[in-house]
There are 2 protein chains.
Amino acid sequence: MATYRSSEVTKNALIEAAGQLIADLGLSCVSVRAIAMLAQENIGTIHYHFGNKEGLLVEVINKVIERWEAVPVENELAQLDLNDRHDQAVAIRRIIERMSRLIFSSEAPDWHRQVIYQVMQHTGILQEMFRSRVITPENRQTIHLLQRIDPSLSYEQAYAHTLTIQSALIVHADYQNAVLSELSMADYSREYIAYMENILISQKQKFFDLPLV
Amino acid sequence: MATYRSSEVTKNALIEAAGQLIADLGLSCVSVRAIAMLAQENIGTIHYHFGNKEGLLVEVINKVIERWEAVPVENELAQLDLNDRHDQAVAIRRIIERMSRLIFSSEAPDWHRQVIYQVMQHTGILQEMFRSRVITPENRQTIHLLQRIDPSLSYEQAYAHTLTIQSALIVHADYQNAVLSELSMADYSREYIAYMENILISQKQKFFDLPLV
DNA sequence: AGCAAATTTAAACACTTGACTAAATATGGT
DNA sequence: ACCATATTTAGTCAAGTGTTTAAATTTGCT
């Protein structure tokens, strides 16, 4: 008699509602009352199931992080010889395509991409979660690859390259509303995302004189 | 006897305090009381001088926008022949260096760069100000240049290029705290910014097979 | 069906927020 | 020095915040 079935249902409803509201209003503009109302649950359930508001937000971010952890960068780079120029070029492509897929594929709820990078704006538990479990480990892989491609790169220089790779995707995610309105689009088209991926990939491959694969 | 001297002094103190607090806490976490306390002014002065909180925020953003408007992109591109490959390469460099200078040069208060892109997160008067007076006009120039460089580019494709140019700078500005902590730096070094500029410039020049200038 | 535990509910809590008011003060031209 | 007025001050307001409480209800095993 540990837990009742209804427990998981309301917890998921609250997480989903919180995610949508964060995407719409911003992380620091959502109230427990708004979340409970959208989820059609009582305010008290938030504190009963998650302890407090932050506990709920942790689970919201956790939902996104688990999707990223399910496809670690290591998998994309396995079976590649990072000393081979051709494989180095493939590695660049794999890293960019993976990140783009995780952010823009429609297999996850819409709010994922609009929520996740908001946590990087304010220091706190949420940022620490995303940084320690996603950002830092993934950057380590990318920096390692870049220093294989060009052994003369310092850590700072390799990090700068890493950020120039990721930044376009981050901006398209975090400023989605502004970007879409500037593009007069309702949502990113598959072609647009593909073209942006292509820019990022071939830019980096050309910069390092890698084969264009 | 229109206005007294003290008026401008307190107005500037309030704008400066608001800017610093927005940079530290985030746009939506700043209260009129915190602003007044940091400025060492009375809360009522905010409503007396600016009408309401939003009126003060408008002036904060205005301070930043005026710096950008003082050096229009047109000036950087004047005397360049946008049909000439060499001048096209120079134009790319000028556009990127101008934006980097506006964001990272130390001639303006520290908070400018951490404040300005926050307004792009939420729709409202502040975003509309920055978009209509800075973003849209500047993007028009960049897109025009890119379509001269490669006439086959559609508007969406040219816009994607524009964003890949700007994104790294935006991310370094808006996520400054997280980036600096990942780099174990107290502030961006001149060398780091210069290296990032170099990446962005030569990446774009190589992508379009322009001379590397 | 009965019953103990898990869950939901509504009301209240203390606190912060942006805004407003009326009185007190400071300013600068005369 | 005077005085009209620009500015500052302190106090109050209603509305919204996250949290807590205790009672009511639902759940699932015996």
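## Largest cavity

Helix α1(A) gives the largest share of the lining of the largest cavity, 4 residues; helices here are DSSP runs (H or I, at least four residues), numbered from the N terminus. In chain A, α1, α9 (155-174) and α10 (176-183) each supply at least two lining residues. The lining has 23 residues, and A:Gly26, A:Leu27, A:Gln118, B:Gln121 and B:His122 lie nearest the centre of the cavity. On a 1 Å grid over the protein atoms alone, a cavity is a set of points where a 1.4 Å probe fits but cannot get out, and lining residues have an atom within 4 Å of a point. The lining of the largest cavity divides into 8 nonpolar, 13 polar and 2 charged residues, with Ala, Val, Leu, Ile, Met, Phe, Trp, Tyr, Cys and Pro counted as nonpolar, Asp, Glu, Lys and Arg as charged, and the others as polar.

## Basis of the model

This is a predicted model: local features need pLDDT of at least 70 and side-chain atom pairs pLDDT 80 or more, while totals for chains, interfaces and linings use all residues. Residues are numbered from 1 along each chain as its sequence is written, chains are lettered from A and ligands numbered from 1 in the order in which they are written, and side-chain values use heavy atoms, without hydrogens and water.

## Second largest cavity

The lining of the second largest cavity has 13 nonpolar, 2 polar and 2 charged residues. Nearest its centre lie B:Met120, B:Ile135, B:Leu163, B:Gln166 and B:Ile170.

## Contacts with DNA strand C

A polar side-chain atom of A:Tyr48 lies 2.9 Å from a phosphate oxygen of DNA strand C.

How values were computed:
Polar contact = N/O pair within 3.5 Å; in protein donor to acceptor, adjacent residues only side chain to side chain. 1 Å grid on protein atoms, 1.4 Å probe; cavity = no way out; pocket = protein on both sides within 12 Å on 5 of 7 lines; lining within 4 Å.
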